[in-house]
Amino acid sequence: MKRLSMAAITLVMLGGGGSAWAGSHGQVTYNDHIKPLMEQKCFACHGERSPSIEEFDADQKKYTSMMVGPRMTTYQELVAFVNGDDAGAIMRRLDDGKATPTGKPGNMNIYLGGSAEERAKNLDLFKRWVGHWTLKRQAELTAEDHKLFKILEKR
């Protein structure tokens, strides 16, 4: 029995404990973790029928009134909101506000889940994918900030 327990512990420590272990302790990737979450929680407003960021920026009032945001259906589109031209936007919008002076969550945090527990779990997944969770805007990010983002597409 002791040998079996040690073998099971070793297997889990080496990452062979199944996808639940990898999801909670391993690398978070766009393909394996973030894209499925985006499909479930975000693509209703940020899916294929949504405008590009350029189209959205050109007529924000129109798209906001339609409850449609910029398209984020590909890895490249989403990365632009983490570490590209709109760097930090995804973090500011999804953040729970717990580390801000006002304590106010971002306007998209509510869409991460139906309960506070689900939102916290999904926010944690995003935070682990991003690696360097910052609420800074593009102009405020340093070269060091840019180096700290993980945003892996796949394993």
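Predicted model: local features only at pLDDT ≥ 70, side-chain atom pairs only at ≥ 80, totals over all residues.
Reader: Hi! How many salt bridges does a search of the whole structure find?
Author: Hello! The search turns up 5 salt bridges. One of them pairs Asp32 with Arg155, with the closest N and O atoms 3.0 Å apart.

Reader: Where do Asp32 and Arg155 lie?
Author: Asp32 is in helix H3 (residues 30–41) and Arg155 is in the segment after helix H10 (143–148), so the pair ties together parts 123 residues apart in sequence. Asp32 is partly exposed at 42% relative accessibility, and Arg155 is exposed at 56%.

Reader: Nice. And which residue does Glu118 meet in a salt bridge?
Author: That would be Lys41, at 2.8 Å from N to O. Glu118 sits in helix H9 (residues 116–130) and Lys41 in helix H3, so this bridge links parts 77 residues apart in sequence. Glu118 is partly exposed at 27%, and Lys41 is partly exposed at 22%.

Reader: Switching topic: is Leu78 buried or exposed?
Author: Leu78 counts as buried because its relative accessibility is 0%. Its place is in helix H7 (residues 75–83).

Reader: What is Leu78 in contact with, leaving aside neighbours within four places in sequence?
Author: Tyr30, Ile34, Met38, Met72, Ile90 and Trp129. The C-alpha atoms of Leu78 and Met38 are 9.8 Å apart, though 40 residues separate the two along the chain.

Reader: Last one: which residues form the negative surface patch?
Author: Glu54, Glu55, Asp57 and Asp85 make up that patch. Glu54 belongs to helix H5 (residues 53–58) and counts as exposed, at 58% relative accessibility.

How values were computed: Residues numbered from 1 in each chain as written. Heavy atoms only, no water. Patch = residues over 30% accessible without salt bridge, like charges linked within 9 Å, V, L, I, M, F, W, Y side chains within 5 Å. Areas by Shrake-Rupley, 256 points an atom, 1.4 Å probe, with all protein chains shown as cover. Salt bridge = Lys/Arg side-chain N within 4 Å of Asp/Glu carboxyl O. Lys, Arg positive; Asp, Glu negative; His and termini not counted. Charge placed at Lys NZ, Arg CZ, Asp CG, Glu CD. Helix = DSSP H or I, 4+ residues; strand = E, 2+ residues; numbered from the N terminus. Buried < 20%, exposed > 50% of the residue type's maximum accessible area, 1.4 Å probe, protein only. Contact = heavy atoms within 4.5 Å.
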